[in-house]
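Reader: I have a structure to go through with you. Please take me through its features one by one.

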Amino acid sequence: MTKKYDAIIIGAGAIGTPISYELSKMGYKTLNVDKRHDAGEGSTAGSCAIVRAHYSTEDGVATAYEGMKYWLDWEKYLGGVKDEKGLSKYMNTGSILIKSQGHDWRKVQRHYDAVGVEYEEWTNEDVIRHVPVVNMYEYWPVKRPEDPTFFDPPTNELEGAIFCPEGGYVNDPALSSHNTMRAAENYGAEFMFNVKVVDIRSENNKVQGITLEDGSRLDADIVINCGGPHSFKVNQMADGVFEGCNIKTKALRHEVMHCPSPQGYDYLNDGYHMSDGDIGCYYRPEVGNYFLIGSEDPDCDPQEWVDPDEFYSGKGEPGRNNQLTKAQWKAQCYRLGRRIESLQVPEQPKGVVDLYDCSDDWIPIYDKSDLDGFYMAVGTSGNQYKNAPVVGRMMAELVDAVEKGLDHDNQPFQYELKYIAGRKIDMGFYSRKREINYDSSFSVNG
Ligand SMILES: Cc1cc2nc3c(=O)[nH]c(=O)nc-3n(C[C@H](O)[C@H](O)[C@H](O)COP(=O)(O)OP(=O)(O)OC[C@H]3O[C@@H](n4cnc5c(N)ncnc54)[C@H](O)[C@@H]3O)c2cc1C
């Protein structure tokens with residue numbers, strides 16, 4: 001007999017788990033299906049899990065600032081549920097946004113003021129007092145180490161930074177998804193692992209359910225694509241959905257480096273999350289007293305668009321598979337080495353490679369689709385882990401409103417934030433039908 005659910009969610013990562021949690025709380029009978037062995041073991045496991053409020057749009061800032069409030073009280077969010085694996089921890093280091101030509105920080109500051117984000121303005125001296133290993137010289141524009149001018153001595157100084165005390169990172173992003181799964185199960189949600197969705201069935205432009213690789217069929221009136229870097233493949237399984245999206249998604253390979261902290265500096269316990277557009281890097285503390293160094297996708301770096309199946313199977317060519325490359329190791333570590341002259345960069349790369357589910361304008365798609373009952377929370381573009389609890393609630397309310405008859409494409413759902421009083425997000429901002437949003441930074445900064 002075919003089993004029937006109210007909603008089937010494809011994916012049990014950072015995005016799929018809070019959606020089922022919130023739908024279950026609203027009384028929906030949900031099932032998450034995932035081809036991995038456990039929650040959060042897709043690209044979420046490779047996330048840097050940084051929680052910061054700076055985005056290039058006001059809605060982006062508001063959503064991220066709202067998200068921060070959930071991380072600051074994770075136990076409350078989970079409703080007191082226990083997890084046999086333990087709970088993930090929010091490391092509230094504070095977040096330093098360096099004022100540089102690599103970031104439109106004035107725009108960010110305007111958005112902070114409009115949204116009411118708590119922040120301080122720091123001088124160069126303040127930054128050095130808090131992070132004594134850094135210098136505050138300007139190295140702009142971002143270059144690759146092969147560039148003959150890479151090591152030229154700097155001549156200018158930067159202009160200080162904007163410090164957001166509520167920022168930080170989550171110590172174990174896969175565990176946070178596992179926690180959310182346990183919280184969802186508390187409301188009756190079901191999860192199925194090691195199963196691959198191969199088809200999305202529909203009739204008369206209405207979704208019917210999914211078919212798994214072994215041929216079994218599961219029925220639901222609602223199916224939600226939370227497939228992460230596979231999102232475009234999942235959309236292609238559903239009649240007319242991919243074609244109906246003005247904004248598309250694809251998988252972008254991204255390398256994150258773990259480089260030892262300079263001797264004598266306890267970065268793990270004393271450090272901050274920093275966004276440093278001047279050298280095209282973001283960094284935060286990592287276990288073992290390492291600097292975790294991500295790239296802000298400067299123009300001089302190649303963009304590696306890959307087939308997610310090839311990437312995860314490890315079959316891709318060097319630079320397209322899930323192994324770090326020496327060239328990018330050098331680029332990211334040497335760039336940080338300009339900011340921190342005492343940084344010792346080992347020969348052997350260490351870190352993580354994973355995929356962004358990147359949209360055309362680096363802003364996600366949280367929307368319905370052209371197929372009735374089929375929804376998507378995709379295109380998270382390397383910057384939506386922090387927003388996951390907000391996305392869960394926002395998507396659940398959107399689904400509920402559309403299922404009850406809202407014409408969301410013409411009268412976009414207005415989501416009322418729960419922590420930032422009196423502020424609504426017009427969900428048309430995240431529409432699949434939008435034109436490319438040129439306010440975006442077109443980078444991981446969103
Ligand atoms: C290297 C890296 C660093 C990042 N750093 C940050 C950061 O610092 N801060 C931040 O806010 N964001 C960050 N992000 C982004 C953030 O981690 C992602 O936006 C988020 O984790 C995406 O979650 P997801 O649930 O959409 O995807 P995933 O975690 O990939 O989950 C999708 C799931 O769908 C499953 N699936 C796909 N297709 C099928 C199918 N056909 N059948 C069954 N299951 C299927 C997969 O197995 C997978 O488990 C980063 C991302 C990466 C890759």
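Author: Start with the terms. Helices (H or I, at least four residues) and strands (E, at least two) are DSSP runs, numbered from the N terminus. A residue is near a molecule or strand if its C-beta atom, placed from the backbone, lies within 6 Å of it. This is a predicted model: local features need pLDDT of at least 70, side-chain atom pairs count only at pLDDT 80 or more, and totals for chains, interfaces and linings use all residues. Residues are numbered from 1 along each chain as its sequence is written.

Reader: Which strand gives the most to the shell around the ligand?

Author: β18 does, with four residues. β2 (30–34), β13 (249–260) and β18 (351–359) each supply at least two residues of that shell. Of the 40 residues around the ligand, Gly11, Gly13, Gly42, Ser47 and Gly228 come nearest.

Reader: How many residues of the shell fall in each class?

Author: Classes first. Ala, Val, Leu, Ile, Met, Phe, Trp, Tyr, Cys and Pro count as nonpolar, Asp, Glu, Lys and Arg as charged, and the others, Gly among them, as polar. The shell around the ligand has 16 nonpolar, 16 polar and eight charged residues.

Reader: Which domains does the shell draw on?

Author: Domain bounds come from an automatic or database domain assignment. At least three shell residues come from each of domain 1 (3–86 + 172–248 + 360–430) and domain 2 (95–165 + 250–358).

Reader: Which strands are joined to β13 by bridges?

Author: Two strands pair if DSSP finds at least two bridges between them. β13 and β18 run antiparallel, with nine bridges. There, Met257 stands opposite Gly351 of β18. Strand β16 (residues 290–295) is also antiparallel to β13, joined by four bridges. Cys259 faces Phe291 of β16. Two bridges link β13 to β17 (residues 305–306), again antiparallel.

Reader: Is β13 mostly covered or mostly exposed?

Author: A residue is buried if 20 or more other C-beta atoms lie within 10 Å of its own, exposed if 12 or fewer, and partly exposed in between; C-beta atoms are placed from the backbone. β13 is mostly covered, with nine of its twelve residues buried.

Reader: What should I look for in the backbone?

Author: Most residues other than glycine have a negative phi, and most peptide bonds are trans. Here, Asn194 has a positive phi near 60°. Asn194 is exposed, because it has 10 C-beta neighbours inside 10 Å. Asn205 also has a positive phi, about 60°, and lies in the loop between β10 and β11 (206–212).

Reader: Which residues does the cis peptide bond join?

Author: Trp140 and Pro141, with omega about -5°. Pro141 sits in the loop between α5 (124–130) and β7 (161–164).
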